[in-house]
Amino acid sequence: MTRATETTPRPTSWWAAPARPVWEEPPGRTGLAAKGAVLVLACLAVLVPLWIVVVTSLSSKKTITETGGLVVVPRDITFIAYQELLSGGQVTRAAVVSVLVTVTGTLFSMAVSILGAYGLSRPGSVGHRFILLTLMATMFFGAGLIPTYLLVQTLGLTDSYLALILPSAVSVFNILVLRGFFMNVSQELVDSARIDGAGDLRILWQIVMPLSRAVIAVITLFYAVGYWSAWFNASIYLSDQNMMPLQNVLIQLAQKQEIPVGLGQAVRAGNLSGLAVQMAVMVLALLPVAVLSPFVQKHFKKGMLTGAVKG
Amino acid sequence: MSTLDTEKADPAARAATGRPPRGDRRRDRHRSRTDGRVPLGRRLRRDRMLLLMTAPVLALVVVFNYVPILGNVVAFQDYDPYVSTNGITAIFQSPWVGLAQFERVFSDPGFWHAVENTLVLFLLQLVLFFPVPIALALLVNSVLRPRVRAFVQAVLYLPHFFSWVLVITVFQQILGGAGIIAQTLRQHGHEGFDLMTDPEIFKFLVTAEGIWKDAGWGVIVFLAALAAVNQDLYEAAAMDGANRWRRMWHVTLPALRPVIALLLVLRVGDALTVGFEQLLLQRDAVGPGAAEVLDTFVWWTGLRSQDFSYAAAAGLVKGVVGLVLVLSANKIAHLMGEQGVYRK
Amino acid sequence: MTPNAVSTDSRRTAPNRSDSAPGGSDSGQSRRGFLASTTAVALAVAGGAPLLAACGGGADSGKKDGTTTGKDAAKLLPAFVTSTVVAPDIAPKNGSAAGFTRAIASAELKASVAEKRGKGGALTIMAPFWGPPPAPDNPYYKAMNEAIGLRATWQNQDGNVYDQKLGAVLASSEIPDVVVVPGWNLGGKIPSAVNAKFEDLGPYLSGDKVKAYPNLAAIPTDAWQRSIFGGKLRGLPMPASYVTNIAPFYRKDLFDAKGWQLPKSADEFLALAKEITSARAKVWACGDMTWTAYNMFGVYPGSDKALGWHLVDGKLVNRIETPEYLEALEWTRKLYAAGVVHPDEKTQNQGDTSLRFTAGQCLVYNNDLSHWYAKTSEQAAQNPKFAMAAMDIPGHAGGAPKLWATNPANIWAFVKKGSSKAVIEDALAVADFTAAPYGTKERMLTDYGVEGVHHTFKDGLPVKTDQGNQEVSSSWLFVASPAPYVAHPDTPEVTRAMVEWQQRMGALTSKTSFYGMTITEPSQWTGLMNDFEQLEKDIVRGRRKVSDMQQAVSEWKTKGGDQLRDWYKKLLDTTGSAAG
């Protein structure tokens, strides 16, 4: 299997548009303008608020006091909020915890989800409708906190990282999406592999998964983001501060600044604004997402999978 | 999923039985499912690998979903988790009240009002929100310059990571009564306005906030589907004289259809879920008349005061409705020739 | 479409609850709501200590509903022995806190606990925490444990989801030795859980037995009375002043500059507010003034269900039935309608009113009295001209308002039922230590940690070091605190002003019939008041009419309000009022 035939050759400079396929007519001027306008507006709708968040996180208490809220026009830039957040090593330690939980959890979730989705994706297999229904019902019927807590406690998972992974390891939504894409894989390829004597595991590994790279990337992202941003389970199941993941510590740090402070802290806080800290927390939470974005995107290249299908 | 209808035989069946393929897969499937000429034991042996693969998921779901879901029996009780040594034994000591909790739910006008708001919001989200990620995906996909495309994509999905508190704050700062637009108007001698506290337009506001936060995030599933489109089809269509729009209609959209159908079916099943934190946060701004939806109602009347039985009853009602909706939507998808969530 | 990856999480996620005013019934509180309706000014000095109390305290079913007062209570209540360790600079009067305007040098600190009271055992304590809790086994915890003589381990749980954690822990078989329960988490079935899961401390504290713990003996009897749950003395209280904690603050600097006079009546307030407001210049007169309106019009407290009942001419009347209640709502509604309230106030979770106040976009707001110190000290470095003060609450028709007392304790620590004598005595040892009054070594260690490690003295004032700010945890105060006091030696004038404001308001304060009692209502009526808080908000914001409230009140009567009245009446007749 090769991913040989990318239909769009690499551009020569970063800005140059790749060569348009010969069969494609050049776009009309109005069409191009309309498309550009929509994209610019959509991006501005995100970037303007993001700008406000970033500027506020970099503002001093004086500036924030004068504006009485979020800051739009930067005046005096200060990194004091970030210094406050990153001092003391709490955030670093919690970030390590979060990375480990996210990586472990995502790998585990992906493993069971891919297996499960494939196991349910072969038409006519015995019991698959029953299993599907069993899974789907959990999308609609939930349990209260108390029974879930009692279960986690009975299993001895409280104060353990497993409590952050196992109860939320399966997302039926993700499995259904994976399954939908798996079913779309050309049946001829699967058949011919089977004639060559391949078992289900090999078919999954060598045919279905390579052909489903895009959706696997998407679902990996879904799971990873889920683990990364989860905080509630940790706040209920963990009681040791040294075990807390990043989101919880960030929430705590944002809260700390809101509490009317006593003597010591008022003096120390000086030019630090609680709002700036909250916004800095927001920015810190966005950073890994922005950093990871290109890695996910490379799996979405147009026609990337076509070559593989033919190959 | 056209491949399904054209595929030849069930190779798994062939591998297990050693018999030649039947030729007509439909008949084969039909037979294997209902008339039992292939004994169950043989089918189990045939599919044991597949079953084994689903075992971990099933085990997790049974332990971490179904076991606690059993706790929902308290919907038929007047449950007090504290009457006994723990919440489980308390189930055996709490009085059984039959369907009284359900009667409480159904006889409350507040419940029906919340259902009405929920359905209105759901329909708005379906019509105004659901198509946006699809349109955005097509738009992003049509951008040829890779850097521009990567940039647009990265920007659009960022708001998903904003908390609801922040999203609403941002909207307030721009559209609120002391927001940037209102203040600018006032400074130029016009009347200010306040879009954030008007119960009449609240449903549109909620939808707009949702689109802003999650539409870009929703794009990525469709991009994944677009990545799998065979580019040769476009060339072939172009050769046949199909213009840009016709190619989108005849090549791109059919490729997206299974995904759209799947997500649509699941969204319909989740019709009674239209947001929780987002609405609770804006409850004071517009009042429960506009902001009360099913989930906030259950929280407000049940969970807030630890009326677990009431909350469980409302949850069961919601679950049953959701399940019925998703199965119906699935059925409709089949009638329209789509795979939906699963084939009956 | 919302692809939620870890769906179980989002389903169970606890949102920030909307703010809950003293006007509310028993709703849970968001962090902001929690801060908004706090009292216990006593704590303001403890760095990072959230200032607590005032709100919540609903009640629910229980094996034992009702309350205990009169003769029954007298048998349970600990004897009161006033503490004479350090005389306050401003003596408490009219229910106010005591004021301490000076820092006390470490050499002059007194000892209030004669010896190490702990038996050296292990003790787990679960408490809510706002902010990053200190690491376990840090030098501050070690110093506290060492001084008390035991090994306390803290389970500091996120304060925003504490109600859920608490609900789950109490339903499990593994309850920590000591559990802190704030009044606003006492909704629903938690009161019955308190009765079922926590130990009766009467055998250790009732009557003269408390004298073994001198600092606990100095806790006012009011606060102990409030700690009787289900007929037993179960709670270790965190006492609070009963004078209203909701102060209407104004920008004194701007008022002085413009020559604005403080309003003396509801009408004057409205007129002044119209004069102040200039939306074009982004200046609005005030924030949401509902809480102050209740005080101006003399509405019975809404912070606790039982407090809202009062005996008038032999008949119990609920706050929602009074004409004052409707008038207060009507007046607040006028403020909104006149456009003098900052627009963001309509959505109570939009930013911080005090931020708009310091920015000069909103010149009057009401909040906990502790804001006086917090905002003043915060702005000292930012804006030297900044000056704020609390205005005396004007009577609605001019003259003095009729104010009503709030609860004298609203956070408790409980000991697990079935604990051994050693564990209970260790818990009481902690309580006796943390309830030490201002000016003692115990108080100093609890609030500021170890000198040289957690704090140093600068210009005669104790200042926390970075380590102190990270480690010194206010949670200890939840186990028990001394009688209410205000101590801000860095701003003696603010300390004095705060206490004096309390004293002036205290002189106008009376007690409603069930003051100071913890009452568990029969379960069938606990939900009766659920919708009133929201209806109040709808009315003042102009979405519903005042007549809708009258409608709701008459429905409330028929749905059980009248029966509830009879129930309370019977309770009053059998137990007698605790109100003086």
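In the predicted model, the domain assignment divides chain B into domain 1 (1-46), domain 2 (57-98) and domain 3 (101-335). Taken over C-alpha atoms, the centres of domain 2 and domain 3 of chain B are 33 Å apart. The contact between these two domains involves 8 residues of domain 2 of chain B and 7 residues of domain 3 of chain B. On the domain 2 side of chain B, the residues touching domain 3 of chain B comprise 5 nonpolar, 2 polar and 1 charged.

Chain B also touches chain A, through a contact that takes 87 residues from chain B and 92 residues from chain A. Helix H5 (residues 48-69) of chain B supplies 15 residues to the chain B side of this contact, the largest share. The class composition of that side of chain B is 56 nonpolar, 19 polar and 12 charged residues.

Chain A itself contains 16 helices and 0 strands. Of the 311 residues in chain A, 52% are buried. Among contacts in chain A with a separation of 6 or more, 74% join residues 24 or more positions apart. An unreviewed UniProt entry places the feature "transmembrane region" at residues 37-58, 94-118, 130-149, 161-182, 203-225 and 275-296 of chain A. Two of these annotated spans were examined in the model. For residues 130-149 of chain A, the end C-alpha atoms lie 28 Å apart, and the span is 80% helix and 0% strand. For residues 161-182 of chain A, the corresponding separation of the end C-alpha atoms is 31 Å, with 68% helix and 0% strand.

In chain C, an open sheet of 5 strands was found, with the order E3-E2-E4-E15-E7 and mixed pairing. Strand E3 (151-158) and strand E7 (236-239) of chain C form the edges, each pairing on one side only. With direction ignored, neighbouring strands of this sheet are turned by 20° against each other on average. Strands of a sheet pair through backbone hydrogen bonds, in either a parallel or an antiparallel arrangement. The pairing of E7(C) with strand E15 (residues 409-415) of chain C is antiparallel and extends over 3 bridges. Within this pairing, Leu236(C) stands opposite Ala413(C) in E15(C).

Note on methods
Residues are numbered from 1 along each chain as its sequence is written. Chains are lettered from A and ligands numbered from 1 in the order in which they are written. This is a predicted model: local features need pLDDT of at least 70, side-chain atom pairs count only at pLDDT 80 or more; totals for chains, interfaces and linings use all residues. Helices (H or I, at least four residues) and strands (E, at least two) are DSSP runs, numbered from the N terminus. Ala, Val, Leu, Ile, Met, Phe, Trp, Tyr, Cys and Pro count as nonpolar, Asp, Glu, Lys and Arg as charged, and the others, Gly among them, as polar. UniProt positions are given in the numbering used here, feature names are shortened, and annotations may be inferred rather than shown by experiment. Domain bounds come from an automatic or database domain assignment. A residue is buried if 20 or more other C-beta atoms lie within 10 Å of its own, exposed if 12 or fewer, and partly exposed in between; C-beta atoms are placed from the backbone. Two strands pair if DSSP finds at least two bridges between them. Axes are lines fitted to C-alpha atoms, for helices over the stretch in contact, and angles run from 0 to 180 degrees between N-to-C directions.
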